[in-house]
Amino acid sequence: MAAPLSYLSHFMQHRKGLLFVLLGVSILLTACNSKPQSQETTPVIPPQVVEPIPTPDEPQDEAVLAPLTGLAWEAGEPTKRPIAVMINNQKRARPQSGLQQADLLVEVLAEGGITRLVAIYHSNNSYTGEIGPIRSIRPYLIDIGESFGAALVHAGGSPDGYRILQRENKDYLDEISNAGPYFWRDKQRRAPHNLYTNAEKIAQGMTKKKYEMTADVPAFSFMKSEHADNYTTVNSEPAKHLRVAFSNHSELVEYQYEEHSGHYIRYMAGAPHTDKISGEAIRTANLVLMYAKHRVLDDVGRLEVDVRAGGRAVIIRDGQAVNGEWLRSNGAFEFKADGQEALLKPGTTHMLIIPDDKTSKERAVWKAH
């Protein structure tokens with residue numbers, strides 16, 4: 001039995017040596033194929049989201065601006081059709097409702113020294129209150145309203161006004177002849193100074209009559225907001241107080257510049273011209289004086305006002321006045337100063353159409369205080 005045990009012992013020693021050899025080779029191969037620890041791991045950088053850089057072929061989207069105010073368009077489409085409402089400005093009709101919510105006001109003589117206000121509503125989609133009191137229409141008021149692509153809202157009209165409306169198939173809502181259900185009378189006031197409507201009823205009337213609800217709305221030119229306070233030019237002069245007498249018999253209209261807001265406060269007959277609902281004074285960012293030819297047509301005192309030929313204008317904003325001109329371009333009103341488009345301040349505009357005659361210089365006066 002000694003021989004087998006000796007053989008087994010020798011075999012076990014040989015196998016143990018073989019294992020040590022194999023282990024050594026394995027360690028050597030691992031060492032040869034390995035890299036230092038500092039080179040073995042690479043830091044993982046999390047992916048970053050990189051915004052694409054706009055190219056000339058990919059311009060950035062700009063804010064949509066209301067064409068008549070230069071302010072951001074709040075809701076809906078700016079192709080919505082404007083509405084031109086004929087507003088009574090007789091003493092017993094004041095204070096009126098909804099004038100401050102209009103994009104712009106156009107003031108022009110009617111008869112007897114009383115002015116009519118054409119309120120153009122377009123960008124204010126949130127105002128649901130009453131608008132009025134509403135009065136009659138004239139041919140030049142039709143022209144003013146349609147220059148903005150607007151449907152017309154009124155109560156009655158001159159014979160010439162009715163002929164134009166009916167023969168030329170104008171889009172109009174008249175409380176007397178074709179749209180009574182879309183108006184109401186305020187029993188707290190005496191007729192005819194108590195007729196009102198609102199945006200909802202106007203839309204109902206336009207829908208019922210299948211009038212166009214969209215239009216190509218002309219746009220005024222506006223100064224960029226970051227430069228809106230810089231209006232002093234070589235040809236400008238201080239204009240912080242404006243006084244306008246439309247005729248020898250009309251009530252005095254005044255505007256006073258408010259430094260902290262950059263707006264003009266409107267006055268009628270020596271008192272602030274206020275809103276019936278809010279009680280606040282009416283204000284505007286821009287004033288445009290437009291001088292136009294006026295002619296009396298009949299014994300009633302009805303007028304013909306030339307709102308097409310163009311003429312002298314004064315553009316007033318930010319406490320400064322600049323002489324220029326007004327004209328009609330493709331039917332729309334346009335203002336120029338120093339041979340270029342006059343830039344308005346973003347906000348509302350009041351256009352005051354003044355008789356262009358030998359007394360015109362006395363009818364509109366502005367001062368530095």
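This is a short tour of a predicted model, stop by stop, with something to select at each one.

Before you start, note that numbering begins at 1 along each chain as its sequence is written, and that side-chain values use heavy atoms, with hydrogens and water left out. Because this is a prediction, local features need pLDDT of at least 70 and side-chain atom pairs count only at pLDDT 80 or more, while totals for chains, interfaces and linings use all residues.

**The whole chain**

Show the cartoon first. The protein chain has 6 helices and 22 strands; these are DSSP runs numbered from the N terminus, helices being H or I with at least four residues and strands E with at least two. Of its 369 residues, 45% are buried, where buried means under 20% relative accessible area with a 1.4 Å probe and protein chains only. Among contacts (heavy atoms within 4.5 Å) between residues at least 6 apart in sequence, 63% join residues at least 24 apart.

**The main core**

Next, select Ile 144, Leu 289, Phe 335 and Met 351. Within the largest nonpolar core, which has 59 residues, these four touch the most other members. A nonpolar core here is a set of buried Ala, Val, Leu, Ile, Met, Phe, Trp, Tyr and Cys residues joined through side-chain atoms within 4.5 Å. Strand β14 (residues 286-292) provides the largest share of this core, 6 residues. Apart from this core lies another, of 24 residues, including Phe 183 and Ile 282.

Now zoom in on Leu 289. Beyond neighbours within four places in sequence, Leu 289 is in contact with residues including Leu 242, Val 244, Ile 316, Leu 352 and Trp 366.

Select Lys 345, in the loop between β20 (340-341) and β21 (349-355). Lys 345 counts as buried because its relative accessible area is 9%.

Then move to Glu 130, in the loop between β3 (115-121) and α3 (139-146). Glu 130 is buried too, with a relative accessible area of 15%. The side chains of Glu 130 and Lys 276 are joined by a polar contact of 3.0 Å. Show Ser 97 as well: 33 residues separate Ser 97 from Glu 130 along the chain, yet their C-alpha atoms are 6.1 Å apart. Among the other residues that Glu 130 touches are Trp 184, Tyr 196 and Asn 198.

**The largest pocket**

Finish with Lys 80, Ile 83, Tyr 121, Asn 124 and Ala 199. Out of 18 lining residues, these are the closest to the centre of the largest pocket, whose volume is about 360 Å³. On a 1 Å grid over the protein atoms alone, a pocket is an open set of points where a 1.4 Å probe fits, with protein on both sides within 12 Å along at least five of seven lines; lining residues have an atom within 4 Å of a point. The volume is the space filled by probe spheres set on the points, which are joined across faces, edges and corners. Colour α5 (199-208): this helix gives the most to the lining, with 4 residues.

How values were computed. Buried < 20%, exposed > 50% of the residue type's maximum accessible area, 1.4 Å probe, protein only. Polar contact = N/O pair within 3.5 Å; in protein donor to acceptor, adjacent residues only side chain to side chain.
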